Amino acid sequence: MAIERIVIVGGGTAGWMAAAALSRIKAGRPLEIVLIESEAIGTVGVGEATIPPFVGFNELLGINEADMLSAVGGTFKLGIQFENWGRIGDSYIHPFGAYGYSMGGISFHHVWHRMAKAGDPRPIQVFNLETMAACFGKFARTQDYRRDDLPPVNYAYHLDAGRYAAYLRRVAEARGVVREEGKVVDVALDGQSGFVTSVRLEDGRSFAGDLFIDCSGFRGLLIEQALKTGYEDWSHWLPCNRAVALPCLREDGSPPPPFTRATAHRAGWQWQVPLQHRNGNGHVYCSAFMEDDEALDILVGNIAGKPQAEPNWLRFVTGRRKKFWNKNVVALGLAAGFMEPLESTSIHLINTGIDKLISLLSLEGITKVQEDTFNRLTGREYARIRDFLILHYNATSRDDSDFWNHVRTMEVPETLTEKVELFKANGQIFREEDELFTETSWAAVMMGQGIEMGSHNAMADALDPATTAHEVNEMERSIRYLVGAMPGHGEYLARYCPAALAA
Ligand code: FAD
């Protein structure tokens with residue numbers, strides 16, 4: 001059956017990202033795209049830190065970066081600072097760019113390890129532009145200096161999630177997406193195929209469709225409540241199941257830092273996402289080890305200014321739908337699954353879900369092979385991210401609470417054990433199945449949390465010491481020069497995209 005009408009249920013970040021992206025394939029064709037959302041239900045109201053591929057997503061939509069950041073009070077993000085993870089008092093940055101660059105065909109951390117063993121005292125962080133810029137509160141974009149002899153800047157955004165969805169709504173509606181307000185109360189299925197045929201709203205109106213995108217949030221209105229797809233529960237590996245969010249003013253007048261902060265606490269961790277006009281804050285915790293009152297007290301005691309709203313309480317079960325695409329329903333966002341926001345991967349998974357959907361979509365109709373491919377690729381993506389998140393909890397020597405004792409000693413997936421053991425042996429990291437996280441990401445978190453490389457790739461010893469030393473020194477020098485020449489992050493924002501926040 002040809003696809004003539006796509007119905008998106010939900011108008012949170014997932015719904016409007018899908019609407020804006022799908023509107024690009026409409027271009028003159030008789031394809032209707034309808035988005036249904038309910039103001040009475042509202043959105044989850046969190047999700048403010050992103051990762052670099054999100055910059056490309058906005059570019060593809062033809063969005064002007066400065067205009068968008070200005071409208072959402074956005075800031076730039078060069079990585080995440082993790083505090084108290086390996087041990088209380090520890091701090092490290094997981095940066096977006098790479099440590100150095102590969103030499104003689106091998107990754108830089110092997111070369112660095114060889115030099116460190118020979119007595120070079122420089123930490124690996126000085127060979128990463130994003131880490132150094134973040135530490136000094138500096139920022140610039142590659143296009144500001146356009147010099148081939150200097151490394152590029154890899155960045156993402158912090159944004160106000162509600163304002164971003166509103167921004168995308170304007171983009172999508174301008175391209176012909178029709179928004180309908182109302183609460184879906186019934187989902188009709190075809191008796192033979194089991195496909196969703198229509199959704200009915202509380203006011204009695206009914207919307208038929210050929211393809212449905214379920215962006216209804218944790219409830220999974222179509223994918224779960226109607227199609228009973230099933231959920232794979234990962235809480236034995238990622239046991240945090242609650243969050244409380246509390247935005248606050250930044251009262252000390254300091255410029256927003258160009259990084260997200262993730263501070264580990266007794267039974268979970270706290271995020272701080274700096275926007276131009278406020279900080280997003282939240283405490284993610286595990287209810288088996290901490291009461292709600294204590295979680296809120298810890299959060300309130302560790303935020304930089306006066307709360308700007310009532311606490312927003314959230315409950316979740318980490319894991320994924322057994323199928324992300326089932327019959328004629330594709331789930332995106334929280335309807336598809338949830339892994340906690342430690343590495344800001346949820347909006348990214350919406351982005352890659354949309355990319356895959358658009359690549360596989362044929363307006364001629366839906367086939368099983370499309371569904372199977374989407375599910376296989378998305379399943380792998382989730383599993384690789386899951387392993388990376390588990391690493392943060394498991395690679396610790398913290399023994400100051402029952403929570404840390406639990407996550408430090410729990411069984412982890414074999415795929416993760418293999419990754420850690422290989423790194424311990426000779427620093428080798430294989431990036432598997434197009435996984436999101438790079439060698440630098442894995443190395444940053446493993447080293448940041450106390451996992452040491454036993455040795456390095458034997459090829460590193462074969463590199464000429466004098467030439468290598470010269471190249472490495474140049475690398476450090478160009479990073480120092482560039483960071484020195486960059487403006488402060490606050491200054492950059494004020495010049496490039498000052499917040500223009502409509503009520
Ligand atoms: P929602 O925002 O819940 O939207 C659901 C939509 O469906 C709403 O419009 C609602 O009105 C509509 N709806 C529901 N039921 C009905 C109905 N019956 N009828 C009509 N409409 C209906 N992601 C990141 O990438 N970075 C982060 O830093 C980050 N932090 C997070 C922190 C926490 C604590 C949590 C829980 C999530 C975080 N996320 C983060 C994830 C991120 O918030 C979500 O991926 C993103 O907001 C997308 O949400 P959504 O659109 O799927 O769902």
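Two helices, α1 (13-26) and α10 (346-360), each supply at least two residues of the shell around the ligand, and α10 gives the most, with three residues. Helices here are DSSP runs of H or I with at least four residues, strands are runs of E with at least two, and both are numbered from the N terminus. This is a predicted model, where local features need pLDDT of at least 70 and side-chain atom pairs count only at pLDDT 80 or more, while totals for chains, interfaces and linings use all residues. Residues are numbered from 1 along each chain as its sequence is written, and side-chain values use heavy atoms, leaving out hydrogens and water.

**Around the ligand**
- Of the 35 residues around the ligand (a heavy atom within 4 Å), Gly11, Val46, Ala49, Val184 and Ile347 come nearest.
- The shell divides into 17 nonpolar, 14 polar and four charged residues.

**Polar contacts (N or O atoms within 3.5 Å)**
- A polar backbone atom of Val184 lies 2.8 Å from a nitrogen atom of the ligand.
- Ligand oxygen atoms lie 2.9 Å from a backbone N or O atom of Leu334 and 3.0 Å from a polar backbone atom of Ala14.

**The sheet**
- An open sheet has three strands in the order β8-β9-β10, with antiparallel pairing; strands pair if DSSP finds at least two bridges between them.
- Its edge strands, β8 (184-189) and β10 (206-208), each pair on one side only.
- Strand β9 (residues 196-201) is joined to β10 by three bridges, and Arg200 has Ser206 in β10 as its bridge partner.

Notes
Polar contact = N/O pair within 3.5 Å; in protein donor to acceptor, adjacent residues only side chain to side chain. Nonpolar A, V, L, I, M, F, W, Y, C, P; charged D, E, K, R; others polar.
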